[in-house]
Amino acid sequence: MLRLERIQGLLFDYGGTIDSNGLHWAEVIWKGYEAAHVAIAKETFREAYVYGERTLGKNPIIQPEHTFRDMLRVKIALQMDQLKINDPALSTRVADWCYDYARQAIDHARPVLERLAARYPLALVSNFYGNIAAVLRDFQLDHLFPLIIESAVVGIRKPDPAIFQLGADKLGLPAEALAVVGDSYDKDIVPAGRIGSQTIWLKNIGWKPYSGDETADAVITDFCQLDVLLS
């Protein structure tokens, strides 16, 4: 049960939370493949998705100035290379479809974030590639998150609870005074709970099926439900 009287600040996950309304990005990109009529099995796609993520994690391909569209075009190109699909126009079409999906989700979330920012200090805690500042500027979210803890910059990745503690430190608040909002049960909710923060799980389709034993202080299924939950 969420205890509103304890909340003095909010930590937000970014990818999968703000930019897709809780839908795991593998699922968003799969929708993009379907929209472009790419004829592959979903499991084959998931293998290519993992390959792309690992490649980006090991190599500094994404640069700080890259926007989200730039990043998606790199991701999809890596996936299609792994899938042996040599069609740059198709790759760009899938990436741009996914970018438009993200923009719609962010337009949905932005008014909620603006209202929350008027009441609470906010910080972003994200596993990202070193370009989150450029992404936030592109989507007109940078004014809402002056405080950013990005894995590629701080050298700590979720699910390590230490990255959430860095968020608490940035806000100058004890972990117990924070609520963490995220879509990933394993990477957001569990580690945030371990440092003593309250947790708000934006539950949608994840990378793997849920066990049914997951718990959080609050569970929502749409980002806009934060308005009511935190009122």
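Start with the open sheet: six strands in the order 3-2-1-4-5-6, paired in parallel (strands are DSSP runs of E, at least two residues, and helices runs of H or I, at least four, numbered from the N terminus; two strands pair if DSSP finds at least two bridges between them). This is a predicted model, where local features need pLDDT of at least 70, side-chain atom pairs count only at pLDDT 80 or more, and totals for chains, interfaces and linings use all residues. Residues are numbered from 1 along each chain as its sequence is written, and side-chain values use heavy atoms, leaving out hydrogens and water.

Now select 148-150 and 218-220: these are strand 3 and strand 6, the edge strands, each pairing on one side only.

Next, pick residues 122-126, strand 2. Five of its five residues are buried, so strand 2 is largely enclosed by the rest of the structure (buried means under 20% relative accessible area, exposed over 50%, partly exposed in between, with a 1.4 Å probe and protein chains only). In a regular strand, side chains alternate between the two faces of the sheet. Here, Leu122, Leu124 and Ser126 are buried on one side, Ala123 and Val125 on the other.

Look for Leu10 opposite Leu122 and Leu11 opposite Ala123.

On to strand 3: strand 2 pairs with it in the parallel sense, also over three bridges. Show Leu124 and its bridge partner there, Ile148.
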